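Subject: Structure handover and notes

Dear colleague,

I am passing on the structure below, and I would ask you to keep it open while you read the notes that follow.

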Amino acid sequence: MAQDKKFVEEITPMDQDFTQWYTDVIKKAELVDYSSVRGCMVIKPYGYAIWENIQKELDYRFKQTGHENVYMPMFIPESLLQKEKDHVEGFAPEVAWVTHGGSEQLTERLCVRPTSETLFCDHYKNCIQSYRDLPKLYNQWCSVVRWEKNTRPFLRTLEFLWQEGHTAHATAEEAQEETIRMLNVYAEFCENVLAIPVVKGQKTEKEKFAGAKATYTIEALMHNGITLQSGTSHNFGDGFARAFGIQYTDKSNQLQYVHQTSWGVTTRLIGAIIMVHGDDSGLVLPPRVAPIQVIVIPISQHKEGVLEKASEITARLSGIVRARMDDSDKTPGWKFNEYEMKGVPLRLEVGPKDIEKGQVVLVRRDTREKVFVPMDELETRVPELLDEIHKNLLEKATRLRNEKTYTAVEMSEFRRIIETTPGFIRAMWCGDRACEDAIKEETGATSRCIPFDDNERVSDKCVYCGKEAKTLVYWGKAY
RNA sequence: CGGGGUGUAGCGCAGCUGGUAGCGCGCUUGGUUUGGGACCAAGAUGCCGCAGGUUCGAAUCCUGUCACUCCGACCA
(Lines give C-alpha, C1' and ligand atoms only; values in the text may rest on other atoms or scores of the structure.)
Protein backbone atom coordinates (compact mmCIF):
# COMPACT_ATOMS: atom_id res chain seq x y z
CA MET A 1 0.00 0.00 0.00
CA ALA A 2 2.76 2.39 0.88
CA GLN A 3 4.31 1.58 -2.43
CA ASP A 4 1.00 2.06 -4.25
CA LYS A 5 0.82 5.49 -2.76
CA LYS A 6 4.29 6.33 -3.87
CA PHE A 7 3.46 5.32 -7.42
CA VAL A 8 0.24 7.27 -7.49
CA GLU A 9 2.09 10.39 -6.41
CA GLU A 10 3.93 10.38 -9.69
CA ILE A 11 0.75 11.12 -11.59
CA THR A 12 -1.56 13.77 -10.20
CA PRO A 13 -5.11 12.38 -9.96
CA MET A 14 -7.43 13.67 -12.69
CA ASP A 15 -10.06 14.97 -10.30
CA GLN A 16 -7.53 16.95 -8.36
CA ASP A 17 -5.98 18.84 -11.27
CA PHE A 18 -6.75 17.75 -14.81
CA THR A 19 -4.14 19.96 -16.44
CA GLN A 20 -1.40 18.67 -14.17
CA TRP A 21 -2.61 15.10 -14.76
CA TYR A 22 -2.29 15.67 -18.50
CA THR A 23 1.23 17.05 -18.18
CA ASP A 24 2.27 14.23 -15.85
CA VAL A 25 0.96 11.58 -18.22
CA ILE A 26 2.65 12.86 -21.35
CA LYS A 27 5.95 13.10 -19.53
CA LYS A 28 5.82 9.85 -17.56
CA ALA A 29 4.62 7.91 -20.58
CA GLU A 30 7.50 9.40 -22.56
CA LEU A 31 5.38 10.83 -25.34
CA VAL A 32 7.10 14.21 -25.48
CA ASP A 33 9.75 16.34 -23.96
CA TYR A 34 9.84 20.09 -23.75
CA SER A 35 12.45 21.64 -26.02
CA SER A 36 14.45 24.79 -25.63
CA VAL A 37 12.25 26.45 -28.24
CA ARG A 38 9.28 28.15 -26.61
CA GLY A 39 5.99 26.46 -27.36
CA CYS A 40 7.54 23.62 -29.31
CA MET A 41 7.88 20.02 -28.26
CA VAL A 42 10.12 17.07 -28.90
CA ILE A 43 7.94 14.14 -29.90
CA LYS A 44 9.73 11.10 -28.49
CA PRO A 45 9.74 7.65 -30.09
CA TYR A 46 6.72 6.36 -28.19
CA GLY A 47 4.66 9.45 -29.02
CA TYR A 48 5.83 9.54 -32.62
CA ALA A 49 4.95 5.87 -33.07
CA ILE A 50 1.34 6.73 -32.22
CA TRP A 51 1.42 9.43 -34.88
CA GLU A 52 2.87 6.98 -37.39
CA ASN A 53 0.01 4.60 -36.74
CA ILE A 54 -2.48 7.43 -37.12
CA GLN A 55 -0.80 8.37 -40.39
CA LYS A 56 -0.88 4.83 -41.68
CA GLU A 57 -4.59 4.38 -40.98
CA LEU A 58 -5.56 7.77 -42.35
CA ASP A 59 -3.31 7.61 -45.38
CA TYR A 60 -4.87 4.30 -46.32
CA ARG A 61 -8.30 5.92 -46.16
CA PHE A 62 -7.14 8.90 -48.25
CA LYS A 63 -5.78 6.59 -50.94
CA GLN A 64 -8.98 4.56 -50.87
CA THR A 65 -10.92 7.74 -51.63
CA GLY A 66 -8.68 8.57 -54.58
CA HIS A 67 -6.21 11.05 -53.09
CA GLU A 68 -2.51 11.41 -53.83
CA ASN A 69 0.23 12.75 -51.62
CA VAL A 70 2.30 15.74 -52.65
CA TYR A 71 4.68 18.15 -50.99
CA MET A 72 4.57 21.92 -51.11
CA PRO A 73 7.24 24.42 -50.02
CA MET A 74 7.21 25.52 -46.41
CA PHE A 75 7.60 29.20 -47.36
CA ILE A 76 4.91 31.47 -48.76
CA PRO A 77 5.79 34.83 -50.36
CA GLU A 78 3.88 37.61 -48.65
CA SER A 79 2.17 38.63 -51.88
CA LEU A 80 0.78 35.14 -52.33
CA LEU A 81 -0.60 35.01 -48.81
CA GLN A 82 -2.28 38.38 -49.41
CA LYS A 83 -4.37 37.19 -52.34
CA GLU A 84 -7.44 36.04 -50.45
CA LYS A 85 -8.64 38.79 -48.10
CA ASP A 86 -10.44 36.79 -45.39
CA HIS A 87 -7.74 34.17 -45.38
CA VAL A 88 -4.87 36.55 -44.76
CA GLU A 89 -6.84 38.43 -42.11
CA GLY A 90 -7.48 35.17 -40.31
CA PHE A 91 -3.86 34.05 -40.28
CA ALA A 92 -1.78 37.23 -40.34
CA PRO A 93 -1.68 37.62 -36.55
CA GLU A 94 -0.01 34.28 -36.08
CA VAL A 95 2.45 33.80 -38.91
CA ALA A 96 6.22 33.65 -38.57
CA TRP A 97 8.21 35.66 -41.09
CA VAL A 98 11.54 34.98 -42.73
CA THR A 99 13.17 38.30 -43.51
CA HIS A 100 16.77 37.32 -44.20
CA GLY A 101 18.53 34.76 -46.32
CA GLY A 102 21.98 34.39 -44.85
CA SER A 103 23.01 37.95 -44.15
CA GLU A 104 21.00 39.51 -46.98
CA GLN A 105 17.61 41.02 -46.42
CA LEU A 106 14.98 39.50 -48.72
CA THR A 107 13.24 41.80 -51.18
CA GLU A 108 9.97 40.10 -50.27
CA ARG A 109 9.61 38.45 -46.90
CA LEU A 110 8.42 34.86 -46.72
CA CYS A 111 6.00 33.46 -44.21
CA VAL A 112 6.45 30.01 -42.76
CA ARG A 113 3.26 28.23 -43.80
CA PRO A 114 0.49 28.31 -41.22
CA THR A 115 -1.54 26.28 -43.76
CA SER A 116 -1.02 25.78 -47.49
CA GLU A 117 -4.18 26.91 -49.28
CA THR A 118 -2.34 29.67 -51.09
CA LEU A 119 0.43 27.35 -52.28
CA PHE A 120 -1.99 24.77 -53.58
CA CYS A 121 -4.00 27.47 -55.31
CA ASP A 122 -0.88 28.92 -56.89
CA HIS A 123 -0.01 25.46 -58.17
CA TYR A 124 -3.53 24.59 -59.30
CA LYS A 125 -3.67 27.82 -61.30
CA ASN A 126 -0.76 26.47 -63.34
CA CYS A 127 -1.81 22.88 -63.81
CA ILE A 128 -5.55 23.09 -64.30
CA GLN A 129 -6.71 24.08 -67.78
CA SER A 130 -9.41 21.67 -68.83
CA TYR A 131 -12.26 19.80 -67.22
CA ARG A 132 -10.09 16.77 -68.05
CA ASP A 133 -7.63 17.96 -65.37
CA LEU A 134 -10.30 17.68 -62.69
CA PRO A 135 -10.73 16.70 -60.00
CA LYS A 136 -7.40 17.29 -58.33
CA LEU A 137 -7.30 15.25 -55.15
CA TYR A 138 -4.12 16.11 -53.26
CA ASN A 139 -3.01 15.65 -49.72
CA GLN A 140 0.18 16.56 -47.92
CA TRP A 141 1.73 15.44 -44.64
CA CYS A 142 3.85 18.18 -43.15
CA SER A 143 4.27 20.54 -40.27
CA VAL A 144 2.93 24.07 -40.05
CA VAL A 145 3.75 27.01 -37.82
CA ARG A 146 1.32 29.26 -35.98
CA TRP A 147 2.74 31.74 -33.51
CA GLU A 148 0.36 30.98 -30.68
CA LYS A 149 0.50 32.87 -27.42
CA ASN A 150 -0.45 30.01 -25.16
CA THR A 151 0.83 26.55 -25.87
CA ARG A 152 0.29 23.07 -24.52
CA PRO A 153 1.85 19.83 -25.75
CA PHE A 154 -0.15 18.24 -28.59
CA LEU A 155 -3.12 20.56 -28.10
CA ARG A 156 -1.45 23.77 -29.17
CA THR A 157 2.18 24.17 -30.16
CA LEU A 158 3.96 26.69 -32.37
CA GLU A 159 4.79 24.00 -34.84
CA PHE A 160 2.59 20.97 -35.27
CA LEU A 161 2.38 17.97 -37.56
CA TRP A 162 -0.70 17.49 -39.64
CA GLN A 163 -2.15 16.46 -42.93
CA GLU A 164 -3.94 18.86 -45.20
CA GLY A 165 -6.03 17.69 -48.10
CA HIS A 166 -6.63 20.18 -50.90
CA THR A 167 -8.93 19.37 -53.74
CA ALA A 168 -10.26 21.15 -56.82
CA HIS A 169 -13.50 20.16 -58.54
CA ALA A 170 -15.49 21.12 -61.60
CA THR A 171 -18.74 21.78 -59.79
CA ALA A 172 -20.04 23.10 -56.50
CA GLU A 173 -21.90 19.84 -55.94
CA GLU A 174 -18.75 17.78 -56.30
CA ALA A 175 -16.88 20.00 -53.89
CA GLN A 176 -19.64 19.72 -51.34
CA GLU A 177 -19.69 15.94 -51.70
CA GLU A 178 -15.95 15.82 -51.17
CA THR A 179 -16.16 18.04 -48.09
CA ILE A 180 -18.70 15.77 -46.45
CA ARG A 181 -16.98 12.59 -47.63
CA MET A 182 -13.76 13.55 -45.87
CA LEU A 183 -15.58 14.67 -42.74
CA ASN A 184 -17.11 11.21 -42.66
CA VAL A 185 -13.71 9.60 -43.16
CA TYR A 186 -12.46 11.48 -40.10
CA ALA A 187 -15.46 10.52 -38.00
CA GLU A 188 -15.20 6.88 -39.02
CA PHE A 189 -11.48 6.91 -38.27
CA CYS A 190 -11.99 8.45 -34.84
CA GLU A 191 -14.53 5.83 -33.85
CA ASN A 192 -13.04 2.74 -35.47
CA VAL A 193 -9.38 3.45 -34.86
CA LEU A 194 -9.12 5.85 -31.94
CA ALA A 195 -12.30 4.68 -30.17
CA ILE A 196 -13.34 8.32 -29.83
CA PRO A 197 -16.99 9.18 -30.52
CA VAL A 198 -17.41 12.53 -32.28
CA VAL A 199 -20.23 14.93 -33.03
CA LYS A 200 -20.32 15.86 -36.70
CA GLY A 201 -21.67 19.20 -37.71
CA GLN A 202 -21.27 22.55 -39.35
CA LYS A 203 -19.47 25.55 -37.89
CA THR A 204 -21.29 28.84 -37.54
CA GLU A 205 -20.17 31.85 -39.61
CA LYS A 206 -18.22 33.12 -36.61
CA GLU A 207 -16.28 29.90 -36.15
CA LYS A 208 -15.68 28.91 -39.75
CA PHE A 209 -12.24 28.83 -41.40
CA ALA A 210 -10.78 32.05 -42.76
CA GLY A 211 -11.73 32.13 -46.44
CA ALA A 212 -14.15 29.18 -46.42
CA LYS A 213 -17.72 29.15 -47.64
CA ALA A 214 -18.59 26.49 -45.07
CA THR A 215 -16.64 24.61 -42.42
CA TYR A 216 -17.61 21.22 -41.04
CA THR A 217 -16.13 19.74 -37.91
CA ILE A 218 -15.88 16.72 -35.70
CA GLU A 219 -16.02 17.62 -32.03
CA ALA A 220 -14.95 15.31 -29.24
CA LEU A 221 -15.49 15.60 -25.51
CA MET A 222 -12.62 15.17 -23.10
CA HIS A 223 -12.79 13.55 -19.67
CA ASN A 224 -13.05 16.90 -17.94
CA GLY A 225 -15.94 18.08 -20.10
CA ILE A 226 -13.87 20.35 -22.32
CA THR A 227 -14.52 19.98 -26.04
CA LEU A 228 -11.85 19.49 -28.65
CA GLN A 229 -12.20 20.32 -32.32
CA SER A 230 -10.62 17.17 -33.68
CA GLY A 231 -10.78 17.64 -37.42
CA THR A 232 -12.23 20.05 -39.95
CA SER A 233 -13.35 19.89 -43.54
CA HIS A 234 -13.92 23.10 -45.50
CA ASN A 235 -15.83 23.91 -48.63
CA PHE A 236 -14.22 26.94 -50.28
CA GLY A 237 -16.73 27.30 -53.06
CA ASP A 238 -15.00 29.27 -55.81
CA GLY A 239 -13.69 32.01 -53.51
CA PHE A 240 -10.05 31.01 -53.68
CA ALA A 241 -10.39 30.16 -57.37
CA ARG A 242 -11.52 33.72 -58.11
CA ALA A 243 -8.79 35.22 -55.96
CA PHE A 244 -6.10 33.12 -57.63
CA GLY A 245 -7.62 32.82 -61.09
CA ILE A 246 -7.98 29.04 -61.18
CA GLN A 247 -10.10 28.44 -64.27
CA TYR A 248 -10.76 25.56 -66.60
CA THR A 249 -12.53 25.15 -69.90
CA ASP A 250 -15.62 22.96 -69.60
CA LYS A 251 -17.07 20.57 -72.20
CA SER A 252 -18.98 23.38 -73.89
CA ASN A 253 -15.84 25.51 -74.18
CA GLN A 254 -16.84 27.89 -71.38
CA LEU A 255 -14.32 29.21 -68.86
CA GLN A 256 -15.28 28.15 -65.32
CA TYR A 257 -13.83 28.62 -61.87
CA VAL A 258 -13.00 25.46 -59.92
CA HIS A 259 -14.61 24.65 -56.59
CA GLN A 260 -12.24 23.72 -53.81
CA THR A 261 -12.07 21.97 -50.48
CA SER A 262 -9.53 21.46 -47.77
CA TRP A 263 -9.50 19.22 -44.72
CA GLY A 264 -7.07 18.42 -41.96
CA VAL A 265 -6.28 16.66 -38.73
CA THR A 266 -3.26 17.17 -36.53
CA THR A 267 -1.14 15.68 -33.76
CA ARG A 268 -3.81 17.18 -31.55
CA LEU A 269 -5.55 13.83 -32.01
CA ILE A 270 -2.93 12.37 -29.69
CA GLY A 271 -4.05 14.86 -27.06
CA ALA A 272 -7.59 13.66 -27.61
CA ILE A 273 -6.58 10.03 -27.12
CA ILE A 274 -4.90 10.91 -23.83
CA MET A 275 -7.79 12.98 -22.50
CA VAL A 276 -10.59 10.69 -23.63
CA HIS A 277 -9.23 7.31 -22.55
CA GLY A 278 -6.58 8.00 -19.90
CA ASP A 279 -7.03 7.34 -16.19
CA ASP A 280 -5.20 7.93 -12.91
CA SER A 281 -2.67 5.22 -13.74
CA GLY A 282 -1.71 6.95 -16.96
CA LEU A 283 -2.34 6.40 -20.64
CA VAL A 284 -4.89 3.99 -22.02
CA LEU A 285 -4.18 3.54 -25.70
CA PRO A 286 -6.76 2.37 -28.19
CA PRO A 287 -5.32 -0.92 -29.53
CA ARG A 288 -5.39 0.07 -33.18
CA VAL A 289 -2.85 2.87 -32.73
CA ALA A 290 -0.94 1.53 -29.72
CA PRO A 291 2.77 1.25 -30.63
CA ILE A 292 2.93 -1.85 -28.46
CA GLN A 293 -0.28 -3.86 -28.39
CA VAL A 294 0.99 -6.71 -26.24
CA ILE A 295 3.85 -6.47 -23.78
CA VAL A 296 5.29 -9.83 -22.86
CA ILE A 297 6.70 -9.96 -19.34
CA PRO A 298 8.70 -13.03 -18.32
CA ILE A 299 8.33 -13.89 -14.64
CA SER A 300 11.33 -15.32 -12.83
CA GLN A 301 13.18 -14.91 -16.06
CA HIS A 302 16.41 -16.26 -14.60
CA LYS A 303 14.80 -19.67 -14.28
CA GLU A 304 15.42 -22.31 -16.88
CA GLY A 305 13.26 -22.07 -19.95
CA VAL A 306 11.31 -18.92 -19.04
CA LEU A 307 13.08 -16.49 -21.35
CA GLU A 308 13.08 -19.03 -24.17
CA LYS A 309 9.32 -19.52 -23.83
CA ALA A 310 8.68 -15.79 -23.58
CA SER A 311 10.77 -15.13 -26.69
CA GLU A 312 8.99 -17.86 -28.58
CA ILE A 313 5.59 -16.41 -27.67
CA THR A 314 6.72 -12.89 -28.63
CA ALA A 315 7.94 -14.16 -31.98
CA ARG A 316 4.67 -15.99 -32.63
CA LEU A 317 2.60 -12.93 -31.74
CA SER A 318 4.78 -10.55 -33.71
CA GLY A 319 3.39 -12.02 -36.89
CA ILE A 320 -0.11 -10.84 -36.09
CA VAL A 321 0.10 -7.94 -33.62
CA ARG A 322 2.62 -5.38 -32.39
CA ALA A 323 4.22 -7.41 -29.60
CA ARG A 324 7.31 -6.74 -27.56
CA MET A 325 9.07 -8.53 -24.72
CA ASP A 326 10.63 -6.74 -21.77
CA ASP A 327 13.43 -8.91 -20.45
CA SER A 328 15.23 -6.07 -18.70
CA ASP A 329 16.29 -6.78 -15.13
CA LYS A 330 13.58 -4.61 -13.59
CA THR A 331 11.22 -6.49 -11.29
CA PRO A 332 7.92 -7.70 -12.72
CA GLY A 333 6.02 -5.29 -10.48
CA TRP A 334 7.96 -2.39 -11.92
CA LYS A 335 7.19 -3.53 -15.44
CA PHE A 336 3.48 -3.95 -14.69
CA ASN A 337 3.25 -0.35 -13.56
CA GLU A 338 5.44 0.97 -16.33
CA TYR A 339 3.37 -0.50 -19.14
CA GLU A 340 0.12 0.46 -17.49
CA MET A 341 1.39 4.01 -17.39
CA LYS A 342 2.26 3.73 -21.06
CA GLY A 343 -1.23 2.50 -21.87
CA VAL A 344 -0.27 -0.81 -23.48
CA PRO A 345 -3.63 -2.55 -24.09
CA LEU A 346 -2.59 -6.09 -23.18
CA ARG A 347 -0.01 -7.51 -20.81
CA LEU A 348 1.10 -11.09 -21.18
CA GLU A 349 2.77 -12.72 -18.18
CA VAL A 350 4.56 -16.01 -18.52
CA GLY A 351 6.39 -17.69 -15.66
CA PRO A 352 7.42 -21.16 -14.48
CA LYS A 353 3.92 -22.00 -13.19
CA ASP A 354 2.35 -21.01 -16.49
CA ILE A 355 4.81 -23.00 -18.50
CA GLU A 356 4.02 -26.03 -16.36
CA LYS A 357 0.30 -25.59 -17.07
CA GLY A 358 0.79 -24.67 -20.74
CA GLN A 359 -0.89 -21.30 -20.31
CA VAL A 360 -0.18 -17.58 -20.04
CA VAL A 361 -1.80 -14.75 -18.09
CA LEU A 362 -3.34 -11.92 -20.11
CA VAL A 363 -4.27 -8.68 -18.35
CA ARG A 364 -6.36 -5.96 -20.00
CA ARG A 365 -5.35 -2.34 -19.45
CA ASP A 366 -8.90 -1.03 -19.74
CA THR A 367 -10.59 -3.31 -17.17
CA ARG A 368 -7.49 -4.84 -15.52
CA GLU A 369 -9.28 -8.14 -15.95
CA LYS A 370 -6.98 -11.16 -15.79
CA VAL A 371 -7.56 -14.21 -17.97
CA PHE A 372 -5.65 -17.46 -18.27
CA VAL A 373 -5.23 -18.53 -21.86
CA PRO A 374 -3.82 -21.85 -23.11
CA MET A 375 -0.69 -21.22 -25.14
CA ASP A 376 -2.04 -22.77 -28.30
CA GLU A 377 -4.98 -20.32 -28.35
CA LEU A 378 -2.85 -17.17 -28.30
CA GLU A 379 -3.11 -16.44 -32.01
CA THR A 380 -6.88 -16.25 -31.80
CA ARG A 381 -7.41 -14.92 -28.28
CA VAL A 382 -4.99 -11.98 -28.44
CA PRO A 383 -6.57 -10.31 -31.51
CA GLU A 384 -10.01 -11.02 -30.07
CA LEU A 385 -9.11 -9.35 -26.81
CA LEU A 386 -7.65 -6.33 -28.60
CA ASP A 387 -10.94 -5.95 -30.48
CA GLU A 388 -12.89 -6.25 -27.26
CA ILE A 389 -10.75 -3.58 -25.67
CA HIS A 390 -11.39 -1.27 -28.62
CA LYS A 391 -15.12 -1.88 -28.35
CA ASN A 392 -15.11 -1.31 -24.63
CA LEU A 393 -13.14 1.93 -24.92
CA LEU A 394 -15.53 3.28 -27.52
CA GLU A 395 -18.55 2.31 -25.42
CA LYS A 396 -17.09 3.86 -22.30
CA ALA A 397 -16.20 7.06 -24.12
CA THR A 398 -19.64 7.21 -25.72
CA ARG A 399 -21.32 6.73 -22.37
CA LEU A 400 -19.23 9.50 -20.86
CA ARG A 401 -19.98 11.77 -23.80
CA ASN A 402 -23.69 11.14 -23.45
CA GLU A 403 -23.60 11.71 -19.70
CA LYS A 404 -21.87 15.02 -20.24
CA THR A 405 -24.24 16.22 -22.93
CA TYR A 406 -26.85 18.57 -21.49
CA THR A 407 -29.76 20.58 -22.76
CA ALA A 408 -30.41 24.19 -21.83
CA VAL A 409 -33.50 26.24 -22.64
CA GLU A 410 -32.70 29.27 -20.47
CA MET A 411 -29.43 31.11 -19.99
CA SER A 412 -29.59 30.46 -16.25
CA GLU A 413 -29.39 26.72 -16.95
CA PHE A 414 -26.67 27.30 -19.52
CA ARG A 415 -24.55 29.19 -17.01
CA ARG A 416 -25.09 26.67 -14.26
CA ILE A 417 -24.02 23.80 -16.53
CA ILE A 418 -20.89 25.56 -17.70
CA GLU A 419 -19.91 26.44 -14.17
CA THR A 420 -20.70 23.15 -12.44
CA THR A 421 -20.71 20.30 -14.96
CA PRO A 422 -18.95 21.27 -18.19
CA GLY A 423 -19.72 19.31 -21.32
CA PHE A 424 -21.71 19.72 -24.52
CA ILE A 425 -24.71 21.98 -24.11
CA ARG A 426 -27.53 21.57 -26.57
CA ALA A 427 -29.32 24.88 -26.91
CA MET A 428 -31.35 26.68 -29.55
CA TRP A 429 -29.96 29.67 -31.40
CA CYS A 430 -31.59 32.42 -33.47
CA GLY A 431 -28.73 32.58 -35.95
CA ASP A 432 -27.64 36.03 -34.83
CA ARG A 433 -23.91 36.60 -34.40
CA ALA A 434 -24.60 38.99 -31.50
CA CYS A 435 -26.09 36.18 -29.39
CA GLU A 436 -23.14 33.93 -30.13
CA ASP A 437 -20.70 36.67 -29.14
CA ALA A 438 -22.61 37.42 -25.97
CA ILE A 439 -22.73 33.79 -24.89
CA LYS A 440 -19.00 33.53 -25.34
CA GLU A 441 -18.42 36.78 -23.50
CA GLU A 442 -20.59 35.80 -20.56
CA THR A 443 -19.86 32.10 -20.18
CA GLY A 444 -16.64 31.32 -22.05
CA ALA A 445 -18.48 28.72 -24.11
CA THR A 446 -18.36 28.84 -27.89
CA SER A 447 -20.61 27.32 -30.49
CA ARG A 448 -19.00 24.01 -31.38
CA CYS A 449 -21.27 23.04 -34.25
CA ILE A 450 -24.72 22.72 -35.70
CA PRO A 451 -25.00 18.94 -35.47
CA PHE A 452 -25.93 16.72 -38.40
CA ASP A 453 -27.42 13.87 -36.42
CA ASP A 454 -29.38 15.81 -33.84
CA ASN A 455 -31.97 18.34 -35.01
CA GLU A 456 -34.36 18.18 -32.10
CA ARG A 457 -36.02 21.52 -31.39
CA VAL A 458 -35.48 21.62 -27.66
CA SER A 459 -37.22 24.99 -27.57
CA ASP A 460 -38.81 27.49 -29.96
CA LYS A 461 -36.74 30.35 -28.64
CA CYS A 462 -33.08 31.32 -28.81
CA VAL A 463 -31.45 30.47 -25.51
CA TYR A 464 -29.93 33.93 -25.31
CA CYS A 465 -32.29 36.53 -26.80
CA GLY A 466 -35.57 34.62 -26.68
CA LYS A 467 -36.38 35.41 -30.30
CA GLU A 468 -37.45 32.71 -32.70
CA ALA A 469 -34.89 29.91 -32.82
CA LYS A 470 -33.40 28.76 -36.10
CA THR A 471 -31.36 25.76 -35.14
CA LEU A 472 -29.96 23.56 -32.41
CA VAL A 473 -26.32 24.26 -31.58
CA TYR A 474 -23.85 22.30 -29.49
CA TRP A 475 -21.95 24.66 -27.23
CA GLY A 476 -19.02 24.07 -24.96
CA LYS A 477 -15.75 25.25 -23.59
CA ALA A 478 -12.99 24.32 -26.00
CA TYR A 479 -9.27 23.76 -25.90
C1' C B 1 -0.79 40.77 -24.63
C1' G B 2 -2.42 40.84 -19.13
C1' G B 3 -1.98 37.92 -14.22
C1' G B 4 0.56 34.17 -11.21
C1' G B 5 4.63 30.40 -10.55
C1' U B 6 9.52 28.35 -11.26
C1' G B 7 14.86 28.34 -12.75
C1' U B 8 20.40 24.42 -7.94
C1' A B 9 23.05 16.84 -10.70
C1' G B 10 19.22 13.31 -15.94
C1' C B 11 14.27 14.02 -12.89
C1' G B 12 11.86 15.87 -8.26
C1' C B 13 13.41 19.04 -4.58
C1' A B 14 16.22 21.19 0.06
C1' G B 15 19.76 24.93 1.14
C1' C B 16 18.18 31.59 0.68
C1' U B 17 19.03 35.24 8.85
C1' G B 18 26.05 35.54 3.21
C1' G B 19 31.68 31.45 4.38
C1' U B 20 32.22 28.10 -1.65
C1' A B 21 26.37 22.67 -2.31
C1' G B 22 23.08 18.49 -0.32
C1' C B 23 18.71 14.78 -0.17
C1' G B 24 15.44 11.27 -2.79
C1' C B 25 14.85 8.88 -7.38
C1' G B 26 17.58 7.66 -11.58
C1' C B 27 22.62 6.27 -13.65
C1' U B 28 27.49 2.92 -13.44
C1' U B 29 29.94 -1.66 -11.35
C1' G B 30 29.56 -6.22 -8.45
C1' G B 31 26.47 -9.53 -5.75
C1' U B 32 21.75 -11.36 -3.87
C1' U B 33 16.67 -11.04 -5.84
C1' U B 34 12.31 -11.54 -9.44
C1' G B 35 3.85 -13.56 -9.81
C1' G B 36 2.33 -5.59 -8.40
C1' G B 37 7.54 -0.04 -8.69
C1' A B 38 13.43 -5.44 -4.52
C1' C B 39 17.99 -5.28 -1.36
C1' C B 40 23.31 -4.67 -0.06
C1' A B 41 28.03 -2.58 -1.24
C1' A B 42 31.12 0.63 -3.99
C1' G B 43 31.08 4.72 -7.44
C1' A B 44 30.11 8.91 -11.23
C1' U B 45 27.46 13.33 -12.18
C1' G B 46 26.98 20.71 -10.77
C1' C B 47 29.36 27.87 -15.20
C1' C B 48 23.25 27.13 -8.36
C1' G B 49 19.30 30.22 -15.86
C1' C B 50 22.32 34.61 -17.60
C1' A B 51 24.55 39.67 -16.83
C1' G B 52 25.78 43.42 -13.64
C1' G B 53 26.17 45.32 -8.53
C1' U B 54 27.07 45.18 -2.92
C1' U B 55 30.92 42.41 -0.06
C1' C B 56 37.25 40.15 2.06
C1' G B 57 33.66 36.45 0.35
C1' A B 58 27.17 35.52 -3.21
C1' A B 59 23.23 29.65 -4.80
C1' U B 60 21.92 33.01 -0.74
C1' C B 61 21.22 40.27 -0.66
C1' C B 62 20.10 44.20 -4.78
C1' U B 63 19.16 45.49 -10.07
C1' G B 64 18.33 43.92 -14.78
C1' U B 65 17.53 40.17 -18.25
C1' C B 66 16.25 35.51 -20.46
C1' A B 67 13.74 31.01 -20.45
C1' C B 68 10.11 27.66 -19.16
C1' U B 69 5.35 26.86 -17.06
C1' C B 70 0.17 27.70 -15.44
C1' C B 71 -4.39 30.85 -15.76
C1' G B 72 -7.07 34.42 -18.98
C1' A B 73 -7.95 37.09 -24.33
C1' C B 74 -6.74 34.70 -29.74
C1' C B 75 -6.36 30.13 -32.36
C1' A B 76 -6.21 23.19 -34.74
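Predicted model: local features only at pLDDT ≥ 70, side-chain atom pairs only at ≥ 80, totals over all residues.

Let me begin with strand β21 (residues 424–429), in which 6 of the 6 residues are buried, so that β21 is largely enclosed by the rest of the structure. Here buried means under 20% relative accessible area, with exposed meaning over 50% and partly exposed in between, using a 1.4 Å probe and protein chains only. Strands (E, at least two residues) and helices (H or I, at least four residues) are DSSP runs, numbered from the N terminus. Both faces of β21 are covered, with F424, R426 and M428 buried on one side and I425, A427 and W429 buried on the other.

Residues are numbered from 1 along each chain as its sequence is written, chains are lettered from A and ligands numbered from 1 in the order in which they are written, and side-chain values use heavy atoms, leaving out hydrogens and water.

Which strands pair with β21? Strand β20 (residues 405–407) pairs with β21 in the parallel sense over 3 bridges, and T405 has F424 as its bridge partner in β21; two strands are said to pair if DSSP finds at least two bridges between them. Strand β23 (residues 471–476) runs antiparallel to β21 and is joined to β21 by 5 bridges, with I425 standing opposite W475.

Between β20 and β21 comes helix α14 (residues 411–420), and the three make a right-handed β-α-β unit (right-handed if, with the strands pointing away from the viewer, the path from the first strand over the helix to the second runs clockwise). Helix α14 lies across β20, β21 and β23, running at about 160° to β21, where axes are lines fitted to C-alpha atoms, for helices over the stretch in contact, and angles run from 0 to 180 degrees between N-to-C directions. Helix α15 (residues 433–443) packs on the sheet as well, touching β21, β22 and β23, and its direction makes about 150° with that of β21; contact means heavy atoms within 4.5 Å.

These strands belong to an open sheet of 11 strands with mixed pairing, in the order β3-β7-β8-β14-β11-β10-β9-β22-β23-β21-β20. Its edge strands are β3 (68–69) and β20, each of which pairs on one side only. Within this sheet, strand β10 (residues 214–221) and strand β11 (residues 227–237) pair in the antiparallel sense over 8 bridges, and Y216 has S233 as its bridge partner in β11.

There is also an open sheet of 5 strands, again with mixed pairing, in the order β16-β15-β17-β18-β19. Strands β16 (323–325) and β19 (370–374) stand at the edges, each with a single partner strand, so one side of each is left without a neighbour in the sheet. The twist in this sheet averages 25° from one strand to the next. Helix α11 (residues 332–341) lies across β15 and β17, running at about 170° to β15, whereas helix α13 (residues 378–403) lies across β15, β17, β18 (359–364) and β19, running at about 10° to β18.

With best wishes
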